[in-house]
Each structure stands twice: as C-alpha cells, then as structure tokens.
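Morning, everyone. Please look at the sequence and the structure on the screen while I go through the main points.

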Amino acid sequence: MLKPLIAATLLATTALAGAANPLTSRIFTADPAALVDNGRVYLYVGHDEAPVGGKDYVMNEWKVFSSCDMQHWTEHPAGVPFSTFKWAARDAWASDVTKRNGKYYLYVTVEHKTIPGKAIGVAVSDSPTGPFVDARGTALITNDMTHETEISWDDIDPAIFVDDDGQAYLYWGNTVMKYAKLKANMTELDGPIHTVGLDQFTEASYLHKHAGKYYLSYSRKWPEETVYMTGPTATGPWSYGGVIMEKNTNVGTIHHAIIDFNGKSYIIYHNGKLPTGGDYRRSVAIEELHYGPNGKILPVPQTEQ
Ligand code: FUB
C-alpha cells in the first residue's frame, strides 16, 4: 500500500487556463460525466487507448479528474476499471454520476460477458474519487430486456437525474431513447421502461434542470450534433429547443454533460482536436454555456486548441 505522501505525489495537476482545451493532453479521454460536490467539479471520463490508426474503441477504465475552478484539473490516480463489474467482459463506455444520501453512484456502460450486447451497471463509493464497488453484482439493464432494435449497443449511455422530490430517473439508449424510474436505493428499476419518440436520436441522453425548467439533451444524426428539448417535468412533454453544439470535424461522436458551478454554466464534451486525435482517440473539452431569454440555450462554439 502506498504511503499517503507518495500517493499524493502521483496526483497530476494540469492547468486549463481560460478557454484552453482539452482537459488533458497526457491521454485521450471521452464521454464526460460531471458531478458538482462540496465546491469541486468531478469529471469521470472514458480512457481512449486505441493506437494511431485503430479501427475500434479500446476503453478499459474511467479516469477521474477534479477542479475547484474549472481551469486547474487534478487527475486522481485510482480510476475505475471495467473489471469492477465481474459480469463485464470489456468496454468502459459512457458513464454518469450522482450523489445521494452521502454516497456516490456511478452508472456505466460495459459489454456483458454472457448476455450478448452492451449493459448498464452501477457502482457505489463513499468518496467521489472512489474506490467504487459494484452496487448490485449484476447488470441493471441488459440487452435482452429492451429489444426495440437489432443492434447490440442500444442499451448504452446512462444519464442519471434525481429530481427535487427525490425521485431518480435513468435515461439511456442508442437509436431509441429510453427511461425508467429508479427506487430510492438507486440500484433497482421502479416500474416499466419507457421510450421517447424522437427523430434522428443517436445516443448520449442528458437530463438536467436549470431555473425551474427540465432540459433533455442528446446527440442526434451522424456525425453527431448536440441538441436539446425542454419540458415541465423530468419526463416531458418535450418541446424541441435547438442545436447546442455542432458536429465535430474528425470525430463522429460528441457526448456531453451540462452543469452549473459557481454562478456559471458549462458544457463538457469531447472532440478529436489533439494531434493524432480521431474517432477512437478523443479529448474532453469544456466551454461556458449561456441561457438566453425564456431559458433558451444559446449555441456553443468550440474553442480552438
Ligand atoms: O465511447 C463509446 C461510445 O461512443 C459512447 O458510449 C457514446 O456516447 C459515444 O461517445
């Protein structure tokens, strides 16, 4: 076991000055999940490990970063390997995170070992930086529960949201957006799985609330762009709002999270702007996001790197 002093020196701190992106240029990162907790922002990002010219994702772990100012980021050494979930075969795809009753819940996408296709699991920790342990010992969502499409990756990209009345909702999906309520224990579905009828939905659902309004955002088309809808409740009815961020130029995906922190709002997403970046070598980046009249989200340009 590392002595605390030695462990502390392993924390890498990088400066994200002003609009300078990406989050880190030490490694490739993707699919940001974000949590605001006790004056810090925590980011949970997939680690893109594909070689230059790789033709598929190589993703074995989620990395954890944190900051108290959105500019200087500390990389926490532990990370969360996909093998946290004994029933998972590989693929640390997109995650999302929330805090409830003093515990931190990390919802993740992985490939299931025995039920063909992607699955969603949940891990829990007493600290935002882990260690995280499997909260169920089994997947929460598997491909055989939701057969709307032929693809094996339609149960990906969990988005967790806890409403003001304590009701938790899980949104997820690829091609078809789905959602379900969760029980207060955060580890079991509470009722049926619903679908949201959307044209051109691709993936990366994200639900947040700002100034009393619910925002359901997601990636649509291919290459993906980030768009949003608004509604009066966590389950709609939804009205289309517009495009938040236009597509990347060298990456099909753009997976995002949206937070409020210290009086400002931010969108956290990924692109492929690092040298040798691309579809399987992505970089998490951050931009300020602004709300206009009537709560409209104004389009967000990406800063150059
Ligand atoms: O990183 C693997 C997959 O690519 C994610 O689950 C999707 O959101 C897309 O970013």
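Predicted model: local features only at pLDDT ≥ 70, side-chain atom pairs only at ≥ 80, totals over all residues.

Residues are numbered from 1 along each chain as its sequence is written.

The protein chain has one helix and 21 strands; these are DSSP runs, helices being H or I with at least four residues and strands E with at least two, numbered from the N terminus. Along the principal axes, the C-alpha trace spans about 50 × 45 × 40 Å. Of the 305 residues, 44% are buried, meaning that 20 or more other C-beta atoms, placed from the backbone, lie within 10 Å of a residue's own.

Now the ligand. Which residues are the closest to it? They are Trp93, Ala94, Ala204, Thr253 and His255, in a shell of 13 residues; a residue belongs there if its C-beta atom, placed from the backbone, lies within 6 Å. Strand S2 (28–37) and strand S15 (201–210) each supply at least two residues of this shell.

Last, the sheet. Four strands form an open sheet in the order S11-S12-S13-S14, with antiparallel pairing; two strands pair if DSSP finds at least two bridges between them. At the edges are strand S11 (159–162) and strand S14 (194–196), each pairing on one side only. Strand S13 (residues 177–182) is joined to S14 by three bridges. Lysine 178 has threonine 195 in S14 as its bridge partner.

Methods:
Buried ≥ 20, exposed ≤ 12 C-beta atoms within 10 Å, placed from the backbone.
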